[in-house]
Amino acid sequence: PAYEATILETIRDIYKAGHVYKAKKPVYWSVGCETALAEAEVEYQDHTSHSIYVPFQVKGKPDQFVVIWTTTPWTLPANLAIAVHELYQYVEVHSGSKTYIVAKDLAQNFIETCKLENIHLGIEKTGKDLEGLCCLHPFLPRESKVILSEFVTLDTGTGCVHTAPGHGQEDYIVGLRYGLDVLSPVDEKGRFTKEAGVFEGEYVFEANEKIIGLLKEKNALLQTGTLVH
């Protein structure tokens with residue numbers, strides 16, 4: 001009892017000093033046990049994921065898009081932003097009447113992967129120039145603004161990163177910087193909540209195909225495939 005009392009007294013002192021606050025952050029979670037997991041409890045194995053390129057329409061410009069690439073379609077209902085790197089060069093890829101914004105170093109791979117035709121490259125801008133650009137979520141009534149993040153790389157994809165602060169540590173960190181909500185529209189059993197719109201009640205990993213199908217319906221899918229990683 002004396003030991004436990006000391007713990008409580010210490011917590012009291014920390015609280016009185018103003019160092020205790022309540023907030024949200026993403027954590028590893030077991031849907032089977034319905035409990036949080038420590039990072040050390042998570043083991044990784046090779047996994048086959050969906051690989052999709054999704055254009056986010058620039059608000060007010062129906063023919064201009066910022067393109068993201070992701071291997072986790074189920075996290076798209078939690079998207080709140082698109083991250084770019086302030087020092088990278090980004091280029092407008094014109095294909096017919098459409099204009100797609102991607103990292104310059106990944107533009108050729110993007111064009112080939114998405115099988116774009118009638119191509120010519122347009123204006124180049126740095127990521128810093130794109131900061132604050134407002135895009136529209138592809139299937140939810142929500143805006144997704146372009147933000148800056150040091151976590152963006154040019155290893156693969158488009159250099160424009162789908163950002164969901166409620167689903168990843170790096171996204172969470174940059175989201176705090178921009179005051180983004182820590183949105184995780186998933187309950188303790190791994191099912192979507194009403195914040196995910198038409199996917200409410202769906203088990204997240206079983207929703208991938210349906211989310212891809214909805215993107216196709218809305219002409220918001222440039223390419224889909226699989227990736228082993």
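How many bridges join β3 to β4? I looked there to begin, and I count 7, with the two strands running antiparallel.

**Ground rules.** I am reading a predicted model, where local features need pLDDT of at least 70, side-chain atom pairs count only at pLDDT 80 or more, and totals for chains, interfaces and linings use all residues. Residues are numbered from 1 along each chain as its sequence is written, and side-chain values use heavy atoms, with hydrogens and water left out.

**Overview.** I find 5 helices and 12 strands in the protein. Helices (H or I, at least four residues) and strands (E, at least two) are DSSP runs, numbered from the N terminus. The C-alpha atoms fill a box of roughly 75 × 35 × 35 Å, taken along the principal axes. Of the 229 residues, 41% are buried. I use "buried" for under 20% relative accessible area, "exposed" for over 50%, and "partly exposed" in between (1.4 Å probe, protein chains only). I also checked contacts, meaning heavy atoms within 4.5 Å. Among those between residues at least 6 apart in sequence, 64% join residues at least 24 apart.

**Helix α1.** I tested the length of α1, residues 2–16. The expected span is 1.5 Å times one less than the number of residues. For its 15 residues that gives 21 Å, and the end C-alpha atoms are 21 Å apart, which agrees. Just after α1, I note Gly-18 with a positive phi of about 85°.

I went back to β3. I find 9 of its 11 residues buried, so the strand is largely enclosed by the rest of the structure. Two strands pair if DSSP finds at least two bridges between them. On the β4 side, Val-54 stands opposite Ile-68. The β3 and β4 hairpin has 2 residues between the strands, and Gly-60 takes a positive phi near 85° there. β3 also pairs with β12 in the antiparallel sense, over 6 bridges. In that pairing, Ile-52 stands opposite Thr-224.

**Thr-71.** Next I followed the chain into the loop between β4 and β5, where Thr-71 lies. Is Thr-71 buried or exposed? I read a relative accessible area of 18%, so it counts as buried. Leaving out residues up to four places away in sequence, Thr-71 touches Ser-49, His-50, Leu-227 and His-229.

**Strand β6.** I looked at residues 89–95. Here 6 of the 7 residues are buried, so β6 is largely enclosed by the rest of the structure. β6 runs antiparallel to β8 (residues 119–126), with 6 bridges joining them. Ser-95 stands opposite Ile-119 in β8. β6 also pairs with β7 in the antiparallel sense over 6 bridges. There, Val-93 has Tyr-100 as its bridge partner. I see a hairpin of β6 and β7 with 2 residues between them, and Gly-96 in the turn has a positive phi of about 65°.

**Helix α5.** Which residues of α5 (residues 208–217) are buried? I list Asn-208, Ile-211, Ile-212, Leu-214 and Leu-215. The face turned away from the buried side carries the exposed Glu-209 and Glu-217. I find β3 and β12 among the elements that cover the buried residues. Just after α5, Asn-219 takes a positive phi of about 55°.

**Cores.** I then looked for nonpolar cores: sets of buried Ala, Val, Leu, Ile, Met, Phe, Trp, Tyr and Cys residues joined through side-chain atoms within 4.5 Å. The largest has 38 residues, and those with the most contacts inside it are Leu-76, Phe-192 and Leu-215. Elements that each supply at least two residues of this core include β3, β4 and α5. A second, separate core of 13 residues includes Trp-69, Val-93, Val-102 and Cys-114.

**Thr-163.** My last stop was strand β11, residues 161–163, which holds Thr-163. I find Thr-163 buried, with a relative accessible area of 1%. Its side chain reaches the backbone nitrogen of Ala-83 at 3.5 Å. Leaving aside neighbours within four places in sequence, the contacts of Thr-163 include Leu-80, Ile-147, Asp-171 and Val-174.

Technical notes:
A polar contact is a pair of N or O atoms within 3.5 Å; within protein, one must be able to donate a hydrogen and the other to accept it, and residues adjacent in sequence count only if both atoms are side-chain atoms.
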